Amino acid sequence: MRVTERAQNVVHQAKGEAGRLGHDRVGTQHLLLGLLTDHQCLAAVTLRELEIRPETVRQRVEETVGRGQGQDVMGLYLPMTKPATLILGLAGREATRLEADRVGTEHLLLGLASEGEGVAARVLQELGAGLLELREAVAARYAAGVEPEPLPPDRGPPPWEPPPGAQLRRVIPLAQRYPLPMGDQLVLLSLEIWSDWFDLRYAVVYATPEPEGELPRRAVLGACEVSDRAGTAYTSPFSSSPSYGIVRVHQRTFVPSPPPDAEALELRFRVPTWSEEAQVATTVDLP
């Protein structure tokens, strides 16, 4: 389900709100503040229908969380807390429940309320905008024939799509383990060689359980670079990476496919450490 342009802008505004308050991560409270920056969005209209002023919500949020110790920064690169990353999924569920064809700011507001435990949910509940009240208010707006928020401009097809008629040439099992800092492990699983690209599958096995609370897990593995002796220029137009779990299986796509006469591929993973960026480097034979 696509997300409206206004809803996408909320995340950008939320990072700015976190930076303005001197916080080092983006939580549900900052998403709520991000919703309040657009007075014409359906989320703000819904709150006004409940006679809740955006200024009141903002004041209550800031009284609850206070200012952080950091300086006022732009906030573009601040990480999101785990509850904040779940909001979009909850918003999509609310949109489906209301039979909407897109996720708008009103669904983000419902998602914040349905999360139940974050600062945003508590503030909304205290102000009389709990999940049930918000659902009724949004449904009333729909019944009145409100226009949905616009989708972002069509930016064309994805940057890379598998070409039609592609053929799987071979699958090369790897089963190679490499230690990472702090006791974690990188496990190379397999190479899937296709006619026009290849997929590298690997797993990160963490030495510690998933962190509790709102702190995201620290990154232990960075980008992967591939090369061969022929000097082929490999690019990675697509990758999939899970957000949670003590074992996370990743897939990274590279184009083009290795040349027929290539005997091996060299893989280099960036490994962030406390003092510098190290590397895990290995050679994979292509039988």
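Which residues lie nearest the centre of the largest pocket? I looked this up before anything else. Tyr206, Arg217, Ala219, Pro242 and Arg248 lie nearest the centre, out of 22 lining residues.

**Ground rules.** I am working from a predicted model, in which local features need pLDDT of at least 70, side-chain atom pairs count only at pLDDT 80 or more, and totals for chains, interfaces and linings use all residues. Residues are numbered from 1 along each chain as its sequence is written, and side-chain values use heavy atoms, with hydrogens and water left out.

**Entry: the chain.** I noted eight helices and 10 strands; these are DSSP runs numbered from the N terminus, with helices being H or I of at least four residues and strands E of at least two. The C-alpha trace spans about 70 × 45 × 30 Å along its principal axes. The chain has 287 residues, and 43% of them count as buried. Buried means under 20% relative accessible area, exposed over 50%, and partly exposed in between, with a 1.4 Å probe and protein chains only. I also looked up contacts in the chain with a separation of 6 or more: residues 24 or more positions apart account for 65% of them. A contact is heavy atoms within 4.5 Å.

**Entry: the largest pocket.** I found about 450 Å³ of space in the largest pocket. A pocket here is an open set of points on a 1 Å grid over the protein atoms alone, where a 1.4 Å probe fits, with protein on both sides within 12 Å along at least five of seven lines; lining residues have an atom within 4 Å of a point. Grid points are joined across faces, edges and corners, and the volume is the space filled by probe spheres set on the points. Helix 5 (82–97), strand 5 (198–205) and strand 8 (247–255) each supply at least two lining residues. Strand 8 gives the most, with three. By class, I recorded 10 nonpolar, six polar and six charged residues in the lining. Nonpolar covers Ala, Val, Leu, Ile, Met, Phe, Trp, Tyr, Cys and Pro, charged covers Asp, Glu, Lys and Arg, and polar takes the others, Gly among them.

**Entry: helix 5 against helix 6.** Two packed helices are described by the angle between their axes and the distance between the axes. I read that the axes of helix 5 and helix 6 (residues 105–115) come within 7 Å and cross at roughly 115°. Axes are lines fitted to C-alpha atoms, for helices over the stretch in contact, and angles run from 0 to 180 degrees between N-to-C directions. The contact includes Ile87, Leu88 and Ala91 of helix 5, and Leu108, Gly111 and Leu112 of helix 6. Its residues divide into nine nonpolar, three polar and two charged.

Entry: I found a cis peptide bond between Val255 and Pro256, with omega of about 0°. Pro256 sits in the loop between strand 8 and strand 9 (264–272) and is partly exposed at 36% relative accessibility. Not counting residues up to four places away in sequence, Pro256 touches Asp196, Trp197, Phe198, Thr232, Ala233 and Tyr234. Pro256 and Ala233 are 23 residues apart in sequence and 8.0 Å apart C-alpha to C-alpha.

I then checked positive phi outside glycine. Glu99 has a phi of about 60° and is in the loop between helix 5 and strand 2 (102–103). Glu99 is exposed, at 74% relative accessible area. Ala175 has a phi of about 50°, lies in strand 3 (residues 168–179) and is exposed at 69%.
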